[in-house]
Every structure is written in structure tokens, then in C-alpha cells.
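Dear colleague,

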Amino acid sequence: MAVRRSFKFLLRPATKQAAALAACLEDHRQLYNAALEHRRIAYRKAGVSVRYGDQSGELKHIRTDDPDGQGRWSFSSQQATLRRLDKAFRSFFERVKAGRTPGFPRFKGRGWFDTVEWPKDGDGCRWD
């Protein structure tokens with residue numbers, strides 16, 4: 001079994017850097033919420049379950065349509081945000097099966113989305 005490492009960094013960003021980090025968080029939060037809404041509507045209207053693979057496949061088109069918004073961030077970090085939502089749904093269904101209180105995945109407000117994952121074997125993203 002491989003050891004999985006994570007690192008936390010204390011950042012003291014300049015004003016412009018803080019604005020860029022806040023924009024990154026906001027765009028990832030909007031992506032999470034839009035993906036959640038997509039899943040809810042697809043199931044409610046057509047009885048279709050939308051999975052991570054479906055949403056990840058649509059990510060290329062989302063980025064192309066919004067180059068100054070979603071298109072400016074790392075593709076792999078956005079996939080990690082979609083995997084985060086998928087994990088929330090998997091956990092929900094596991095709790096349902098186990099007979100525990102399920103807790104359906106919720107929309108994230110501005111104060112409740114404070115982490116973006118940058119996978120190690122990503123697409124070469126970096127901050128300037």
C-alpha cells in the first residue's frame with residue numbers, strides 16, 4: 001500500500017494574489033454547485049443518474065465556453081472538484097444502504113467551500 005501525502009501551506013498572499021485565490025475558490029464552488037444542480041435536475045426530470053465520468057466529459061466544453069471563468073483554472077483541479085461531489089454522493093448512498101441518516105449532498109455557500117485540490121500528476125498547473 002502506497003503512502004498518500006498531503007501538504008498544507010500557510011500563504012501570505014499580496015492583494016492581487018489574494019484576489020486570484022478568492023476567484024479560484026469561487027469558480028470551483030460554482031462548478032461544484034452547478035454539477036450538483038445538474039445531477040438533481042437530470043434525476044428529477046428524466047430519472048437519469050449523472051456520474052462523475054459524464055460530468056468530467058462535459059468539463060472540456062464548459063471550459064471552452066467560459067475561457068475567462070472556468071477556462072482559466074487547472075483542468076485536473078476541476079476534475080478533483082467533480083470527484084469531491086461524486087464522493088459526497090457515494091457516501092450518501094452508502095449511508096442510505098446502511099440505514100443511517102443519509103444527509104443528501106448540499107449546495108456550498110461562500111463560507112463553506114474553502115479547499116481546492118491540485119492533484120500531483122495534474123496538467124502542469126502553476127501559480128505565477
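In this predicted model, α1 and α2 pack with their axes 11 Å apart and at an angle of about 125°, which makes α1 oblique to α2. Here the axes are lines fitted to C-alpha atoms, for helices over the stretch in contact, with angles running from 0 to 180 degrees between N-to-C directions; angles under 35 degrees count as roughly parallel, over 145 as roughly antiparallel, 65 to 115 as roughly perpendicular, and the rest as oblique. The crossing of α1 and α2 is right-handed (a crossing is right-handed if the near helix is turned clockwise from the far one by less than a right angle, and left-handed if anticlockwise). On the α1 side Leu31, Ala35, His38 and Arg39 meet Tyr52, Gln55, Glu58 and Leu59 of α2, where contact means heavy atoms within 4.5 Å. The residues of this contact divide into four nonpolar, two polar and two charged, with Ala, Val, Leu, Ile, Met, Phe, Trp, Tyr, Cys and Pro counted as nonpolar, Asp, Glu, Lys and Arg as charged, and the others, Gly among them, as polar.

As for the model itself, local features need pLDDT of at least 70 and side-chain atom pairs count only at pLDDT 80 or more, whereas totals for chains, interfaces and linings use all residues. Residues are numbered from 1 along each chain as its sequence is written, and side-chain values use heavy atoms, with hydrogens and water left out.

The protein has three helices and zero strands, these being DSSP runs (H or I, at least four residues, for helices; E, at least two, for strands) numbered from the N terminus.

Turning to the next pair, α1 and α3 pack at an angle of about 45° with their axes 10 Å apart, which makes α1 oblique to α3, and α1 passes α3 in a right-handed crossing. His28, Leu31, Tyr32, Ala35, Leu36 and Arg39 are the α1 residues that meet α3, and by class the contact has eight nonpolar, four polar and three charged residues.

The axes of α2 (residues 52-65) and α3 (residues 75-98) come within 10 Å and cross at roughly 145°, again in a right-handed crossing. Tyr52, Gln55, Ser56, Leu59, Lys60 and Arg63 are the residues that α2 brings to α3, and this contact has five nonpolar, four polar and four charged residues.

Finally, the second largest pocket has a volume of about 280 Å³, and among the residues that line it are Arg39, Arg40, Tyr43, Asp86, Phe89 and Phe104. α3 gives the most to this lining, with four residues, and the lining as a whole divides into six nonpolar, one polar and five charged residues. On a 1 Å grid over the protein atoms alone, a cavity is a set of points where a 1.4 Å probe fits but cannot get out, while a pocket is an open set with protein on both sides within 12 Å along at least five of seven lines, and lining residues have an atom within 4 Å of a point; grid points are joined across faces, edges and corners, and a volume is the space filled by probe spheres set on the points.

With best wishes
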